[in-house]
Amino acid sequence: MIDRLTCLLCPLGCELEADIEAPGPDARMPAGEHPAEDGVDGGGETLIVDGRRLWIKGHRCPEGIDFAVEEILRPKRNLAASVPLAGTADRMVSVRLSDRVPREMMFPILAEIASLRPVPPVRRGEVLIRNVCGAGVDVIATRTMGDERPA
Ligand code: SF4
């Protein structure tokens, strides 16, 4: 099945088409033999990654291939959430990750974030959990809270 992706690496936003096949004897077929196109690659490129064959079309530069490979085989996402300040129920601090993580890490990381109760004051950019779940990224505050001083 052909996936349609938009490359997000530059403002051109190329519309990509990509197809992947499971490991097997066909995965060793030479580049350019995309079966959905009756042996013609339809102007795209075929490559072998981790023993799987990918066919990619629509990229205007090689970075588009890297983008499609990562998005299809190793998709990553960032996430944003809000947590209450310690000792409060409704004074929320917004947080996000310092970088994207593999999608399968999202739920464990969300569970860690859900138990977070930062002690005020919290400053924008402050690291609230370093290397969360061993994922190599930090949870950081995106808003300053609890630093209100009397006028
Ligand atoms: S494929 Fe290349 S030119 Fe197209 S959006 Fe991605 S980075 Fe930009």
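Where is the place of Pro121? In this predicted model, Pro121 sits in the loop between helix H2 (106-114) and strand E9 (127-129).

## The four-stranded sheet

Four strands form an open sheet in the order E1-E2-E4-E3, and their pairing is antiparallel. The edges are formed by strand E1 (3-6) and by E3, each of which pairs on one side only, and the twist from one strand to the next averages 30 degrees. In general, strands of a sheet pair through backbone hydrogen bonds, either parallel or antiparallel.

Within this sheet, E3 and E4 run antiparallel and are joined by five bridges, and Ile48 stands opposite Arg53 in E4. Helix H1 (residues 62-73) packs on the sheet, where it touches E1, strand E2 (15-21), E3 and E4, and the direction of H1 makes about 50 degrees with that of E2.

## Residues with positive phi

Asp50, in the loop between strand E3 (45-49) and strand E4 (52-57), has a phi near 50 degrees, which is a positive value in a residue other than glycine. Asp50 counts as exposed because it has 10 C-beta neighbours inside 10 Å, and the cut-off for that class is 12 or fewer.

A positive phi is also found at Cys133, where the value is near 55 degrees, again in a residue other than glycine. Cys133 belongs to the loop between E9 and strand E10 (139-141). With 18 other C-beta atoms within 10 Å, Cys133 is partly exposed, because that count falls between the limit of 12 or fewer for exposed residues and that of 20 or more for buried ones.

## The ligand surroundings

The ligand is surrounded by residues that include Cys7, Leu9, Cys10, Leu12, Gly13 and Cys14, and also by His59, Arg60, Cys61, Glu63, Gly64 and Phe67. Sorted by class, the shell around the ligand consists of seven nonpolar, three polar and two charged residues. Among the surrounding residues, Glu63, Gly64 and Phe67 carry numbers that fall within helix H1 (residues 62-73), the helix that packs on the sheet.

Terms used: Residues numbered from 1 in each chain as written. Predicted model: local features only at pLDDT ≥ 70, side-chain atom pairs only at ≥ 80, totals over all residues. Helix = DSSP H or I, 4+ residues; strand = E, 2+ residues; numbered from the N terminus. Near = placed C-beta within 6 Å. Nonpolar A, V, L, I, M, F, W, Y, C, P; charged D, E, K, R; others polar. Pairing = 2+ DSSP bridges. Axes fitted to C-alpha atoms, helices over the stretch in contact; angles between N-to-C directions. Contact = placed C-beta atoms within 7 Å.
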